[in-house]
Amino acid sequence: MTRLIKSDFRKFFQDKLFIVVCILAVVFAVITPLLYLMLFSVADEVDPMTQELLSGYVTAKGQFFGGFSFGNNLGLIAPLLIGIVFFKDFSYGTIRNKIISGHSRRSIFLSIFIVCTTVLFAIVLAHSLLTLGISLPFFDYQSTPFAMHDFWYLLESLLFEFLVYIFVGAFVSWLCATMKNLGMVIVMYIAVVFGLSMIAGILQGITMVLSVEPSLAKVVDVIDVLQRINVFNSSATIGMGTEYTTKDVLYYVLTPVLCSAALIGHGMWKFERKDLK
């Protein structure tokens, strides 16, 4: 298993798409703070009060955690490109060679999952840290002074982000192991991510409308549950506050863990029965 994981890491780092992902990570990390700086510059020229208002909402902290979001540049593209790299094993017959070499299908699937998750989270984390480093000279980390509880909140948030990316790694591995061709992998990934992200946006708008009517509080609670179990929506809310409630922790931990376990279990089951050509 260890030899298989090392081989998958080596194959990924030698693929040209790895360079593409790294370049995109750097480009997006530079572009995001620059766009906000341009926005502030324009706002200051048009209306200084608008610029002051924006400064309360645009922070280095928000840009850092925004780097993990699946509706935000790299978070959307990186999993797809990494999935394409690993699906090449299925397209080029590498998987058959691994099986002939004595590796079980379960070990092959788990190796893909481990490498995919590790690489994906490492790249997105590096991208977010670079974004933070570039934005800090121009923006405050947050609207209030940084304290020790903010440090622990940061560590908690990173743990929750990691659990989300375990789910994404499981999802990408599941796509590679169950889809018949690369086109289906791409279509399914885009359909699921865009679909769930769109649903989250629609439900957020509905919540804003219904929340003004006290009699519809139970409907709002149901929508809140749907939003919380939408793992692709989690990265849009993680790190955007100052502390987590017990309810928050349960949702941010149990939802991605259970969904990941389901995808890994079903992925291995399907892969055991997949006809490899």
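Valine 249 lies in helix H12, residues 246-272 (helices are DSSP runs of H or I with at least four residues, strands are E runs of at least two, and both are numbered from the N terminus). Phenylalanine 160 is 89 residues away along the chain from valine 249, yet the two C-alpha atoms are separated by 8.4 Å.

The model is predicted: local features need pLDDT of at least 70, side-chain atom pairs count only at pLDDT 80 or more, and totals for chains, interfaces and linings use all residues. Residues are numbered from 1 along each chain as its sequence is written, and side-chain values use heavy atoms, with hydrogens and water left out. The mean pLDDT of the protein is 85 (pLDDT is the predictor's confidence in each residue, from 0 to 100). A score of at least 70 is reached by 93% of the residues. Confidence is highest in helix H7 (residues 105-135), at a mean of 93. The lowest mean, 52, belongs to helix H3 (residues 48-55).

Serine 157 sits in helix H8. With 0% relative accessibility, serine 157 counts as buried. Its contacts, apart from neighbours within four places in sequence, are Phe65, Ile238, Gly239 and Tyr244.

Packed helices are described by the angle and the distance between their axes. Axes are lines fitted to C-alpha atoms, for helices over the stretch in contact, and angles run from 0 to 180 degrees between N-to-C directions.

Helix H5 (residues 74-91) and helix H8 (residues 148-178) have axes that come within 9 Å and cross at roughly 40°. H5 and H8 are therefore oblique (under 35 degrees is roughly parallel, over 145 roughly antiparallel, 65 to 115 roughly perpendicular, the rest oblique). The crossing of H5 with H8 is right-handed (the near helix is turned clockwise from the far one by less than a right angle; anticlockwise gives left-handed). From H5, the contact involves Gly75, Pro79, Gly83, Phe86, Phe87 and Phe90. H8 supplies Tyr165, Val168, Val172, Cys176 and Ala177. The contact of H5 with H8 comprises 9 nonpolar, 2 polar and no charged residues (nonpolar: Ala, Val, Leu, Ile, Met, Phe, Trp, Tyr, Cys and Pro; charged: Asp, Glu, Lys and Arg; polar: the others, Gly among them).

H5 also packs against H7, with axes within 10 Å and a crossing of roughly 150°. H5 and H7 are therefore roughly antiparallel. Their crossing is right-handed. Leu74, Ala78, Pro79, Ile82, Phe86 and Phe90 of H5 face Ile112, Val115, Cys116, Val119, Leu120, Ile123, Val124 and His127 of H7. This contact has 13 nonpolar residues, 1 polar and no charged.

Helix H9 (residues 182-210) and helix H10 (residues 217-228) approach within 10 Å between axes and cross at roughly 155°. H9 and H10 are therefore roughly antiparallel. H9 passes H10 in a left-handed sense. Ala200, Leu203, Gln204, Ile206, Thr207 and Leu210 of H9 meet Val219, Val220, Ile223, Leu226 and Gln227 of H10. The H9 contact with H10 holds 8 nonpolar, 3 polar and no charged residues.

Conventions:
Contact = heavy atoms within 4.5 Å. Buried < 20%, exposed > 50% of the residue type's maximum accessible area, 1.4 Å probe, protein only.
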